[in-house]
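The following note concerns side-chain packing in the structure shown below. Please read each numbered point against the coordinates.

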Amino acid sequence: MKIIDMHTHIFPEKIAAKATIATADYFNLPEPPHHYGSAGELLGVLQSAGIGRAMVFSAATTEHQVEHINRYILSETEAHPQFIPCGTLHAGYEGYKEELRWMREHGMHGVKIHPEFQHFVLNDERLFPMFEEMERTDMFLIAHMGDPRVNVSGPARMIPIAETFPKLRCIAAHLGNWGDWDIEKIRPLTKLPNVYTDISSSFSYVEDKAPLYLILREYDPSYIFFGSDYPIWSPKLELDKALALGLEPELLEDILFNNFAKFYHYQEL
């Protein structure tokens, strides 16, 4: 079975453990991180789990980090063909047109936004010209979605983006609203034709999984992707949990590989 883990974070070796622990501490997760977040470690983890490809990214916490992070991600994907590159931008970054052009020229067709760590709201008006350029050039957006403690991401923040830019393909991570599984909040998001989702940091995070099954069924079944949220969670364990969800075999196969392979039309995966 072919598998793509399309939600993984990597960091330079010297800061990987620190960055991973800081993430886990921020979200007050119920268990310590499974891994520490280096590219080399991820390669070994993917191999042991039987996962063929992974999309890798890291969010720029300041505008000054954008270019450095994008070039780091590119260097790792050039060295390791198992990796699919995804870039980052920041609301305060003014050189976005040139940087987006650079990304496309180097095979980087998506942008990861993590509002909680980047300290702006997902629908910050400064991002809209960036989204417009991404829509014009067929780039996609993947955003961390939801945190019940703050109001910087989640469905209410993503909906105006998807509606303003109907050709911008948006991945609303974590079933669309991490930590707040109110289906009435998420349902409007699932009906938008340009909004996709992933199952990362969802089923592993809660004991009562019943609401998550309901949310999963609200999405177009071809719009759902498998992601582990490495290094916080283990790709191998997340794959095992996905296999144990009791989903129909065809749907499971689509989630694990086919859906994202079709979504990522820039190359054959």
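1. A charge is taken to sit over a ring if NZ of Lys or CZ of Arg is within 6 Å of the ring centre and within 35 degrees of the ring normal. By this criterion, the charged end of R71 sits over the ring of W102, at 3.8 Å from its centre. The charged end of R169 is likewise placed over the ring of F263, 4.0 Å from its centre.

2. On provenance: this is a predicted model, in which local features need pLDDT of at least 70 and side-chain atom pairs count only at pLDDT 80 or more, while totals for chains, interfaces and linings use all residues. Residues are numbered from 1 along each chain as its sequence is written, and side-chain values use heavy atoms, with hydrogens and water left out.

3. A search of the whole structure finds 15 aromatic pairs (rings of Phe, Tyr and Trp, the last by its six-membered ring, with centres within 6.5 Å; planes under 30 degrees apart are stacked, over 60 edge-to-face, the rest tilted). Y196 and F225 form a stacked pair, with 5.7 Å centre to centre and 15 degrees between the planes. Because Y196 belongs to strand β8 (residues 195-198) and F225 to strand β9 (residues 224-225), this pair ties together parts that are 29 residues apart in sequence. Strands here are DSSP runs of E with at least two residues, and helices are runs of H or I with at least four, numbered from the N terminus.

4. Y196 also pairs with F263, in an edge-to-face arrangement: 4.8 Å centre to centre and 70 degrees between the planes. Since F263 lies in helix α11 (residues 249-263) and Y196 in strand β8, the pair ties together parts that are 67 residues apart in sequence. Y196 and F263 are both buried (under 20% relative accessible area with a 1.4 Å probe, protein chains only; exposed is over 50%, and partly exposed lies in between). F225 is buried as well. One aromatic cluster comprises F140, Y196, Y223, F225, F260, F263, Y264 and Y266.

5. With a disulfide defined as a pair of cysteine sulfur atoms within 2.5 Å, the count comes to 0. For C86, the nearest cysteine sulfur is that of C170, 12 Å away. C86 is buried, with a relative accessible area of 0%, and C170 is buried with a value of 0%.

6. L42, V45, S48 and A49 in α2 meet P235, K236 and L239 in α10, where contact means heavy atoms within 4.5 Å. The residues of this contact divide into 5 nonpolar, 1 polar and 1 charged (Ala, Val, Leu, Ile, Met, Phe, Trp, Tyr, Cys and Pro are nonpolar; Asp, Glu, Lys and Arg charged; the others, Gly among them, polar).
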